[in-house]
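Reader: I've got this one open on my screen. Could you walk me through how it packs?

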Amino acid sequence: MVTSRDVAQHAGVSQATVSRVLNGSPRVSAATVARVQDAIAALDYHPNAAAASMKTRRTSTIGIIIDQLSNPFFVEVLESLAQVFADAGQRVLVWDPSHHEDAAIHALRDRTVDGVVIAAWQDDSPAMQAALASGRPVVMLNRRPTGTGFDSVTSENRAGGRLVAHYLAAHRPGPALFVAGRLGTSTAHDRAEGFLAGLSEAGAPPPAIVDGDYSAETAQQAVRAHIADHGVPRSVFCANDLMAFGALNALAVDGVRVPDDTWVVGFDDVAMAGWPVIGLTTVSQHSRDMARAGADMLLRRITEGGSDCEHRTFPAQLVVRTSTAGVPAQGS
């Protein structure tokens, strides 16, 4: 049976270096990683996962808590996370807290994962609390931490909301409708706060607000109800792209033309937003880059430890398309 010692001798490195390569440590140079991988392929080496787990007390398994996989944003995030972890030789367990909360709690309590990415934070969720209490490394992704003791990657959600407010106030003044995200999430809170603050700074009136719950169906119903009661708003800002798609459907059903009769803006910049048939103006928060950064952060925490928490924030960028008549933002 080929062992890691054989791989080390073949590659001309130490067993510790082979172990670092297998565990995805960023401390190994690209040239050394290539030599070790060549040796593994040449010798047809297959690590003994059970023995490695007993020795290192690691499972080579990462937990990902993520919901709303009907939302293209989270599909893009999950794809990018899974790719980074696969490249590092890690298995992935994915839990939707709406359906698999008990499984997530048991896995965390039994320490069957080495670390957890949380992309679906709800303050009152038992699965989230179990993740934080597990003692395993935790990275919050697309969520602002409500406490200390774990790392995070997010975007400038407040700044993104403010960008939209200034843009609409400058180019589409008049009554705006804001379709808010899910209550209890930091993204919904921060985007709403930034949008309201930006309108106030620009001297624009506060918007009408409806609850969209980060759902296309809920947003569609809310927009149609608003139009029935109050007429067509000058603009509609949705706190994510999925709700913006629902808003566009609502407007089309009611015969409202975009951008002639009203403008629509989303938040996320998922791939579908750029389709010519949709052409959604939206705030980009670089979902795939955020996911890769979060995965790398978690792998470093697992292999290197450390006590100082790391918090990384990606800039928000307004991407203008046809749903706002292609009118460029000021300064662009």
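Author: Happy to; one term to begin with: contact, or touching, means heavy atoms within 4.5 Å. This is a predicted model, where local features need pLDDT of at least 70, side-chain atom pairs count only at pLDDT 80 or more, and totals for chains, interfaces and linings use all residues. Residues are numbered from 1 along each chain as its sequence is written, and side-chain values use heavy atoms, leaving out hydrogens and water.

Reader: Which residues does Phe85 touch, not counting residues up to four places away in sequence?

Author: Phe85 belongs to the largest nonpolar core, which has 68 residues, and is one of those that touch the most other members. Such a core is a set of buried Ala, Val, Leu, Ile, Met, Phe, Trp, Tyr and Cys residues joined through side-chain atoms within 4.5 Å, where buried means under 20% relative accessible area with a 1.4 Å probe, protein chains only. With that sequence cut-off, the partners of Phe85 are Ile62, Ile64, Gln90, Val92, Val117, Ala295, Leu298 and Leu299.

Reader: How are H1 and H3 oriented to each other?

Author: Helices are DSSP runs of H or I, at least four residues, numbered from the N terminus. H1 (residues 4-11) and H3 (residues 30-43) pack at about 120 degrees, an angle taken from 0 to 180 degrees between N-to-C directions of axes fitted to C-alpha atoms over the stretch in contact. Angles under 35 degrees count as roughly parallel, over 145 as roughly antiparallel, 65 to 115 as roughly perpendicular and the rest as oblique. So H1 and H3 are oblique.

Reader: What percentage of the 332 residues count as buried?

Author: The protein has 332 residues, and the buried share is taken over them. That share comes to 50%.

Conventions:
Helices (H or I, at least four residues) and strands (E, at least two) are DSSP runs, numbered from the N terminus.
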